[in-house]
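Here's a walk through a protein structure, written for someone who likes to know the cut-offs. Have the viewer open and follow along.

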Amino acid sequence: MRVLGVETSCDETGVAVYEAGAGIRAERLASQVEIHAAYGGVVPELASRDHIAKLLPMVENVLAEADITLGDLDAIAYTAGPGLIGALMVGGSLASSLAYGLKIPAIPVHHLEGHLLACMLEEAAPDFPFLALLVSGGHSQLIEVAGVGCYRIVGETLDDAAGEAFDKVARLLGLPYPGGPQLAALAERGNGARFALPRPLKNQGLEMSFSGLKTAMRLAIDSCRAADGTLGDEVRADLAASFQAAVVDTLTGKCRQALAATGLERLVIAGGVGANRALRASLAELGRRTGVRVYYPRPALCTDNGAMIAYAGWCRRAPGAKGLPRNVAKPPWPPDELTPP
Ligand code: KG4
Ligand code: ZN
């Protein structure tokens, strides 16, 4: 069975073909960084327009690379939410129309389920159940995953998501959009012990909070500015490294507590912040200390991509599904509303 996956929830267009037994046959990703950089963040209208312009050529390229044609597809999966409504509508409409024309099912996929299951595309895939640390631009959640569609949120952020905090602090440091990866790169050169920043809600249950840390960073940054308002290169790198260390410590502590509270023995890292090298190293160390097995998909499977949507769609395939496709764009959509396929 071959499933085409279409991801257009935010500022990346992702298309991939997943084939049962063979894995990902081909994939393409188009970033909109250059389009949004001038505005310092994602402009939803521009995101939708770019998805429209890029999607069909990308579908053609992916099919050509997989050496198949539209007629060889058995289903088309698309991100139905959460995400930007206009951007979701582009992918959903294209996927539904193609599926209608081809008389095959269109499968709406929950974006976070895509992230949660991306680890299954790696050779060393975890068995269920596992604890997932899902850290993206819009979400920071600890989720007990008992199987496909069996998700229990055991902890989440009370305010900003971890990726959002990375992006906002990057902006305070004068780094261009998208800030998270830029801040991480700067942090590699800095001293993470130079600034004593808070570890929010440390040892206080499984909830997280990053907005106070952001304020602490704002104060630290302002206290380091020269008379003309500028920041030296070294101090910027140290500020970035100290912030990254605070986030990594906090997330590692929350994972340790959640593993102890749930008794789970596998930890999966999912979402864009999961691409962060320092976080991966810290969680690997947690695994070594506790005997918990830690799984992290390669960075390209942590950030948004079409492959995870194609795979999640395959997990939710309903053989012989009939009827007109309904394009269900659901901008907010809590993952624990999902049920098994
Ligand atoms: O999962 P994702 O690609 O999109 C969402 O579903 O939100 O996550 C994007 C988030 C952004 O906030 C981005 O700054 C952050 O992940 N991110 C990183 C890194 N790479 C991406 N944050 C820290 N370090 C990174 N290397
Ligand atoms: Zn995402």
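Let's start in helix H11, where Tyr311 and Trp314 sit three residues apart, about one turn of the helix. Helices here are DSSP runs of H or I with at least four residues, strands are E runs of at least two, and both are numbered from the N terminus.

Before going on, some housekeeping. This is a predicted model, where local features need pLDDT of at least 70 and side-chain atom pairs count only at pLDDT 80 or more, while totals for chains, interfaces and linings use all residues. Residues are numbered from 1 along each chain as its sequence is written, chains are lettered from A and ligands numbered from 1 in the order in which they are written, and side-chain values use heavy atoms, with hydrogens and water left out.

Now back to the rings. A pair of aromatic rings is described by the distance of the centres and the angle of the planes. Rings of Phe, Tyr and Trp (its six-membered ring) pair if their centres lie within 6.5 Å; planes under 30 degrees apart are stacked, over 60 edge-to-face, and the rest tilted. Searching the whole structure turns up five aromatic pairs. In one of them, the centres of Tyr18 and Trp314 are 5.4 Å apart with planes at 55°, so this pair is tilted. It also links distant parts of the chain, since Tyr18 belongs to strand S2 (residues 12–19) and Trp314 to helix H11, 296 residues apart. Tyr311 and Trp314 make a tilted pair too, at 5.9 Å centre to centre and 35° between the planes. Put together, Tyr18, Tyr311 and Trp314 form one aromatic cluster.

Elsewhere, the charged end of Arg280 sits over the ring of Tyr296, at 4.7 Å from its centre. The test is NZ of Lys or CZ of Arg within 6 Å of the ring centre and within 35 degrees of the ring normal.

Next, the metal. The zinc ion (ligand 2) has His111 (NE2), His115 (NE2) and Asp304 (OD) as protein donors, 2.0 to 2.1 Å away. His111 lies in helix H4 and Asp304 in the loop between helix H10 (299–302) and helix H11 (306–315), so the pair ties together parts 193 residues apart in sequence. Donors are N, O and S atoms within 2.8 Å of the metal (3.2 Å for Na, K and Ca), and water is not among the atoms, so sites may look incomplete. Both His111 and Asp304 are buried.

Note on methods:
Buried < 20%, exposed > 50% of the residue type's maximum accessible area, 1.4 Å probe, protein only.
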